Amino acid sequence: MGMKKCRSLGRGFSVLLAGVIGLATAGCGSDGSSSVIIPPGGSSNEPIVTGFVLAPNGVMANTQGSHLMGYVLGPFLPAPVVALQGVSPVGAGVLVSLAQLDWVDFADGRIDSPLPLNLDTITEADGRYRIVDPEARDVLGCRKVLIAGSGTNVMRALVYGREVNVDPASEALVRVLLDFVANSTAQLCDFSASELLRLQQRVNDVVFVARGNSIAEITAAAYELARRNRSLQQALLAAATTE
């Protein structure tokens with residue numbers, strides 16, 4: 001009797017898991033709505049910004065609890081392309097916000113007062129976030145930022161298209177761009193969305209070897225690699241002076 005009951009429960013769990021996997025692979029959002037696949041670069045006119053949040057070992061903070069569904073579904077969910085070694089999707093429940101940047105605030109090398117758009121979401125089991133709102137339609141204008149986490153565990157990403165990952169590499173680009181603007185005549189709005197995409201790809205290559213056991217450690221390591229890279233600094237200069 002016990003064996004029969006166990007098998008019955010096993011079949012029930014298998015059906016449940018299959019159903020959940022079906023929903024995940026079909027692209028259901030956190031609100032239960034079916035989502036479309038958005039190509040990078042903002043070519044879709046959908047008012048959406050989406051992507052993955054990635055962190056060392058998939059953990060945003062030492063106090064972050066385990067995400068059971070993330071562990072269950074992990075082997076079955078499509079994996080994002082990672083920009084660094086040792087990072088993986090954070091799982092469900094990480095808060096991601098979209099804010100508008102003020103170029104004057106950006107000019108002193110710090111982001112003190114991002115203008116909140118009251119657009120918050122939480123990541124899904126595979127680490128993907130989705131922000132769907134009319135305010136998210138304009139991804140090419142100057143300039144929106146995504147923020148995941150807080151304090152020493154914060155990571156930011158400049159929005160250059162519909163598909164933007166938030167990870168230590170995106171945080172490294174934010175930091176080196178802040179440095180560059182603060183120490184030159186360049187302004188945030190001198191960098192187009194397409195130029196930011198190319199710069200992010202270059203940063204990804206430069207910081208791929210960065211390692212760390214926490215957000216603070218790996219973002220510091222990635223920033224140092226990016227800051228000291230001469231070709232990246234030359235790319236920043238070229239992007240800022242492009243007519």
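Visitor: Why is asparagine 118 called exposed?

Guide: A residue counts as exposed over 50% relative accessible area, as buried under 20%, and as partly exposed in between (1.4 Å probe, protein chains only). Asparagine 118 has a relative accessibility of 70%, and therefore counts as exposed. Its place is in strand E5, residues 115-122. Helices (H or I, at least four residues) and strands (E, at least two) are DSSP runs, numbered from the N terminus.

Visitor: What does the model rest on, and how are residues numbered?

Guide: This is a predicted model, in which local features need pLDDT of at least 70 and side-chain atom pairs count only at pLDDT 80 or more, while totals for chains, interfaces and linings use all residues. Residues are numbered from 1 along each chain as its sequence is written, and side-chain values use heavy atoms, with hydrogens and water left out.

Visitor: What is the phi of asparagine 118?

Guide: Asparagine 118 has a positive phi of about 55°, although it is not a glycine. Most residues other than glycine have a negative phi, and most peptide bonds are trans. Asparagine 57 also has a positive phi, near 60°. Asparagine 57 lies in the loop between strand E2 (54-56) and helix H2 (68-73).

Visitor: How do you know whether asparagine 57 is buried or exposed?

Guide: Its relative accessibility is 59%, so asparagine 57 counts as exposed.

Visitor: Which peptide bond is cis?

Guide: The bond from cysteine 142 to arginine 143 is cis, with omega near -10°. Arginine 143 is found in the loop between strand E6 (128-132) and strand E7 (144-148).

Visitor: What makes asparagine 204 partly exposed?

Guide: The relative accessibility of asparagine 204 is 22%, and therefore the residue counts as partly exposed. Asparagine 204 lies in helix H5, residues 193-207. Its C-alpha atom is separated by 5.8 Å from that of alanine 169, 35 residues apart along the chain.

Visitor: How do you know that arginine 110 is exposed?

Guide: Arginine 110 has a relative accessible area of 54%, so it is exposed. It lies in the loop between helix H3 (103-106) and E5. Not counting residues up to four places away in sequence, arginine 110 touches Asp105 and Leu178; contact means heavy atoms within 4.5 Å. Arginine 110 and alanine 182 are 72 residues apart in sequence and 8.5 Å apart in space, C-alpha to C-alpha.

Visitor: At what angle do helices H4 and H6 pack?

Guide: Helix H4 (residues 168-182) and helix H6 (residues 215-227) pack at an angle of about 50°, with their axes 8 Å apart. That angle makes H4 oblique to H6. Axes are lines fitted to C-alpha atoms, for helices over the stretch in contact, and angles run from 0 to 180 degrees between N-to-C directions. Angles under 35 degrees count as roughly parallel, over 145 as roughly antiparallel, 65 to 115 as roughly perpendicular and the rest as oblique.

Visitor: Which residues make the contact of H4 with H6?

Guide: From H4 they include Pro168 and Arg175, and from H6 they include Ile218 and Tyr223. The residues of this contact divide into eight nonpolar, one polar and four charged. Here Ala, Val, Leu, Ile, Met, Phe, Trp, Tyr, Cys and Pro count as nonpolar, Asp, Glu, Lys and Arg as charged, and the others, Gly among them, as polar.

Visitor: At what angle do H4 and H7 cross?

Guide: The axes of H4 and helix H7 (residues 230-240) cross at roughly 60° and come within 11 Å. That makes H4 oblique to H7. The contact is made by Val176, Leu177 and Phe180 of H4 and Leu232, Gln233, Leu236, Leu237 and Ala240 of H7. By class, it has seven nonpolar, one polar and no charged residues.

Visitor: How are H5 and H7 described, roughly parallel or roughly antiparallel?

Guide: Their axes cross at roughly 180° and come within 11 Å. H5 and H7 are therefore roughly antiparallel to each other. In this contact, Glu195, Leu199, Arg202 and Val203 in H5 meet Ser231, Leu232, Ala235, Leu236 and Ala239 in H7.

Visitor: How many helices and strands does the chain have?

Guide: The chain has seven helices and eight strands. Buried residues make up 45% of its 243 residues.
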